[in-house]
Amino acid sequence: MGGVQKKKFDRGAATNYITRNRARKKLQLSLADFRRLCILKGIYPHEPKHKKKVNRGSTAPRTFYLMKDIRFLLHEPIVGKFREYKIFVRKLRKAYGKSEWSGVTRLKDNKPVYKLDHIIKERYPTFIDALRDVDDALSMGFLFSTFARTGKCHVQTIQLCRRLTVEWMNYVITSRALKKVFLSIKGIYYQAEVLGQTITWLVPYQFSHDHPTDVDYRVMATFTEMYTTLMGFINFRLYSSLNLVYPPKKLSALSSCLARVVSSVEEDEAQMDHFPVEGEDVEQMEAREKEHKEQEAQRRLFEGLKFFVNREVPRESLAFVLRCFGAQVSWDKSLCIGAAYDVTDETITHHIADRPNMEKQYINRYYIQPQWVYDSINSKICLPVEDYFLGVTLPPHLSPFVEEKEGDYVPPEKLRIMALQRGELTDFFSILVQDEDEEDDEDDDDEDEEEEEEEEEEEEEEKEDEQNLKKMETQRSQGKVTPGKVKKEDRGRLEQEEKAEEKRLAIMMMKKKEKYLYDKIMFGKKRKVREANKLTAKRKAHDDASKTDKKKKAKKQ
Amino acid sequence: MAPNRRVKRVAASQPGFMTLNTSIKPENLVSNRRKRINKNKKKNWNKHIDVNDVEDFLEDVRLQERTTGVASTTPNTRAIMSNTRAIMSYTRATISTTRAITLCSLCWPLLDSTRNNQQRRGLISDKSDESLFFLDAGDKKAGTQTVVEPTGRRKASRPLKVDLILKNNSLVPVPKDILAYQLPNAKKLRNVAKKAEQLAAIGKVPKKHRPPTKVDGPTKTTAADAPNNPTRDFYDIWGQETKETRDPWYLRQTGKAPVKRGWKWNEKSSLIPAVEIIAPGGSYNPDFFSHQALLLKAHEVEVKKEKEENKIIKQLAYDKDDRATEESVFQEQVEGLEEEDYDANDFNSACTLGILNLVEKKTEKQRKKERVQKIKEQRRLASRYKTGQQQQLFQLRSIKVSLRQREQRTKERQTQRRANQEAEKYRPRRLGKLKFTAQDLEVQLTNELTGSLRTLKPEGSVLKDRFKSLQKRNLIEPRERAKFKRRLKIKYVEKRSFREIT
């Protein structure tokens, strides 16, 4: 027995963590500077597993950092710069107080500045690491670039953000990387695929800011400082990957091409390389090839189309989106610089406007609402323009970020788009339109059309069934022996039957445990289907109700 | 030397100073020793150098000039020289000759004035005897002196009396302000110029005119270097790998080696995506059902909030049955005043009986019986244990089953725990005093939806969304806005003017 009594909190968790205030004192920084340093270096607070052990027996809620993190921060050269800046502020204040104006200018000329390049290199050792974190940077950049010069943040920061975001948009345009767009009530969500990374960002609508008071602007500005530096380097790398000069010039209008020589179509249609990999089916390969082709087609969605953007439409977003898919865009000269052609241009194919009707219309172009562009992009095909004419009630703008699994409820609008994608509904629409014109002059929604289409399908099926039944009945009643026919062996059907049989057998051979699990899964699936059916029924009822309402209203009028 | 010293205003040096101790002479109290001072400072000259003798001399000259009247018309340069020489001799007594020149400048006006060939008054010593003395031969009106009376025409050209009065007729010229002719730091500048000339002769350009080199360091940090400068340029940061050529030992010892960043620091603190996409019901022109789903979600949040509020209200409320009635109030007031008498004797007797019972001793027989009982019980238990062990051999199957069950249970728990840990990565952690609170769901009611991009009124703030996202991903801890605390109380005083109105 014996030995020195062990002290409490001398080892273990208590020594691995450090409270924020102690860390701050260790680094000899003010709280604001400490917070800034942590954000720049990517050191974040931790929640310990056993708070009481770490907090020396107290259960008071505190912010903890890992001791190792703080020790790492001690080596940061920027800490010295922060201290220098503190002294600079003190000197400046003193000079102002004494009204030594020459001293003030001298101090201001020698204001200590720091660079974040080394931190970027340290935090993102490779380019792909940086690209993975660009979501945040982009969202922040786009947000700050829409700020007014209200003094909430430095004007230079706003300008830098604007420059970097415009550069980014131009890169996306040139590389045709945009995949999805979603207009939400909050802002516009974009998704692009850059060098194999899926990048999502949020852009606020223009002029939509009320500055919330419960947001720490200093923290946001610090994040932005870091992210602008990061984005600059990323942009540089991306531009050089396309063999473009960085920094580019005169971009803000989003109308001019970055590359002097536009790559020709033949060049783009380079064959995909085939690498025979063992254990990979030909089917998979084909599927991949097909996907690749689809992507290529999507990239050239608007190629050859000429758009004109009216002044009431969000110009920047539309110009960006349209040019991402190869369209030509222009706008009124008085709206923004960079207008390529005038309204009077006869070759314009689509005129995007957002007003009930326009007085002067050209006969050789479509006048459509802006949603057409976004919906077409999300559905990867040029949707029929008829649904989007001026003054027409628009079909709902569906979120492209929702991916329905099997058995989920799919809204009929989406079903229709899927059918269009498959190429099934190409001329069906025109027939429908004619029918409607004959039936009534009401402007029906496409929802109604959809419904009718469904109804018709059902009717057809019913007819077929009835015919079969009649035949059977007649056969029975007559009791005749008809001459035998050679049954055609439907191979596909046989195969299917075989497969079904195999499946049934497999189910039969299952162990009790597996069977239980299987039943559970199947039950879940059935439940899902049931719910989806319920929703569709509900939807139908809703549509019916709205339709009758409309008709009533129309009659009243 | 002593005479140059300014007389100190010490009481002991004053005439008629009496000391208490008669053996000490008052003049001995003032030390005669010369004080050593720096003579290359103007201040010291003013303070320590006695120029009274020079002053006296000059005063004497002036007096003589005033009294002797008109001097001879010929400039007596010799006399002037002697004048200066006299000054020189004085000064040489105390200071070096070079310094004397400065003193000379004091009498410079004198020299200067002599150079002007004008009517002068002179010193008595310089005057000829004839001019000083004359023979008194009574008053002769007509004689040697013939005064030419100005004619009437010349009278007009005479200066006016007013001008004559205003004219400075002092013969002591106005002293020149030498400082006006002096250059500050003249010597230093002269030296610098000289040095520059020498360097130029060798072929060296002074630093001022040289373009800044790396060794000089940054001369001026301007806004161009700031990280948020909108025109700053970027480079390929990931392309170039600069190889460190310096000795690693040296770098480590001097603290110049970059500290390696562990892989753990680049791990994400949360698995929540940076940009969370709003539910499909948040579209500006949503599908009916998805919009309803979003509304339902928002509704649930509101219901939850209301429930919590109600809970607090309920907790604060009191039971109406507990309300004080007249009766209960009276009961409370009377409490303790009424005496309740209970039987004290009964209690006492019970106590004594209990003690007696405890004290009663066991007999020998009883003890023996107990001992036997005990041994019997022990034996019984031992045999039972033994049989139990033997029985277990036959229970092997059931034991196995129970073991398996236990294992199953632990496995389940493990997977559950692992799943919980995974789920925890998607949840905001508690990082400080405050818990994370999600922002309000962005929702537009059916009547707020316009269905057109032009008339859309954006909901919520992207800035707040970003800020909350940072908090949610554990990058920053949720904080309250710092409250403004007034250190000193504000004293409200009603102004008189204001009071008059009200």
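Mentor: Let us start within one helix. E59(B) and R62(B) both belong to helix α3 of chain B, residues 52-68, where they stand 3 residues apart, about one turn of the helix. Please bear in mind throughout that the model is predicted.

Trainee: What do the side chains of E59(B) and R62(B) meet in?

Mentor: The general idea is that side chains of opposite charge can pair when their charged atoms come close. Here, the side chains of E59(B) and R62(B) form a salt bridge, with 2.9 Å from N to O. E59(B) is partly exposed, at a relative accessible area of 39%, and R62(B) is likewise partly exposed, at 25%.

Trainee: With which residue does R427(B) form a salt bridge?

Mentor: The partner of R427(B) is E424(B), and their closest N and O atoms are 2.8 Å apart. R427(B) has a relative accessible area of 44% and is partly exposed; E424(B), at 30%, also counts as partly exposed. Salt bridges may also share partners: one network joins D136(A), K186(A), E442(B), D465(B), R466(B) and R473(B).

Trainee: How many salt bridges are there over all chains?

Mentor: The count over all chains comes to 44 salt bridges. One of them pairs E403(A) with K180(A), whose closest N and O atoms are 3.6 Å apart. This pair links distant parts of the chain, 223 residues apart: E403(A) sits in the loop between α16 (371-379) and α17 (412-422) of chain A, while K180(A) sits in strand β3, residues 178-183, of chain A.

Trainee: Is E403(A) buried or exposed?

Mentor: E403(A) has a relative accessible area of 63%, over the 50% cut-off, and therefore counts as exposed.

Trainee: Where is E76(A) found, and which residues does it touch?

Mentor: E76(A) lies in the loop between α5 (67-73) and α6 (77-97) of chain A. Its relative accessibility is 5%, under the 20% cut-off, so E76(A) counts as buried. Setting aside residues up to four places away in sequence, E76(A) touches L37(A), K41(A), H118(A), I119(A) and E122(A). The side chains of E76(A) and K41(A) are also joined by a polar contact of 2.5 Å.

Trainee: How should I read the boundary between chain A and chain B?

Mentor: The size of an interface is often given as the accessible area lost when the parts come together. In this model, chain A and chain B bury about 7,700 Å² between them, and 62% of that is on carbon and sulfur atoms. On the side of chain A, I185(A), K186(A) and F233(A) lose the most area to chain B, together 11% of what that side buries. The contact takes 104 residues from chain A and 72 residues from chain B.

Trainee: How many salt bridges and polar contacts lie between chain A and chain B?

Mentor: Between chain A and chain B there are 14 salt bridges. One salt bridge brings together the side chains of D287(B) and R539(A), at 3.0 Å from N to O. Helix α12 of chain A, residues 217-241, gives the most to the side of chain A that touches chain B, with 13 residues. The residues of that side divide into 51 nonpolar, 22 polar and 31 charged.

Trainee: Which residues touch the most other members of the largest nonpolar core?

Mentor: They are L178(A), W201(A) and F302(A), in a core of 125 residues. The largest share of this core, 13 residues, comes from α12(A). Beyond its neighbours within four places in sequence, F302(A) is in contact with residues including F307(A), L322(A), F325(A), W372(A) and C382(A).

Trainee: What is the secondary structure of each chain, and what share of its residues is buried?

Mentor: Chain A has 21 helices and 9 strands, and 42% of its 557 residues count as buried. Chain B has 18 helices and 0 strands, and 17% of its 502 residues count as buried. Among contacts in chain A between residues at least 6 apart in sequence, 61% join residues at least 24 apart. In chain B, residues 24 or more positions apart account for 70% of the contacts with a separation of 6 or more.

Terms used: Residues numbered from 1 in each chain as written. Chains lettered and ligands numbered in written order. Predicted model: local features only at pLDDT ≥ 70, side-chain atom pairs only at ≥ 80, totals over all residues. Heavy atoms only, no water. Contact = heavy atoms within 4.5 Å. Buried area = accessible area lost by both parts, 1.4 Å probe. Salt bridge = Lys/Arg side-chain N within 4 Å of Asp/Glu carboxyl O. Helix = DSSP H or I, 4+ residues; strand = E, 2+ residues; numbered from the N terminus. Nonpolar A, V, L, I, M, F, W, Y, C, P; charged D, E, K, R; others polar. Core = buried A, V, L, I, M, F, W, Y, C linked by side-chain atoms within 4.5 Å. Buried < 20%, exposed > 50% of the residue type's maximum accessible area, 1.4 Å probe, protein only. Polar contact = N/O pair within 3.5 Å; in protein donor to acceptor, adjacent residues only side chain to side chain.
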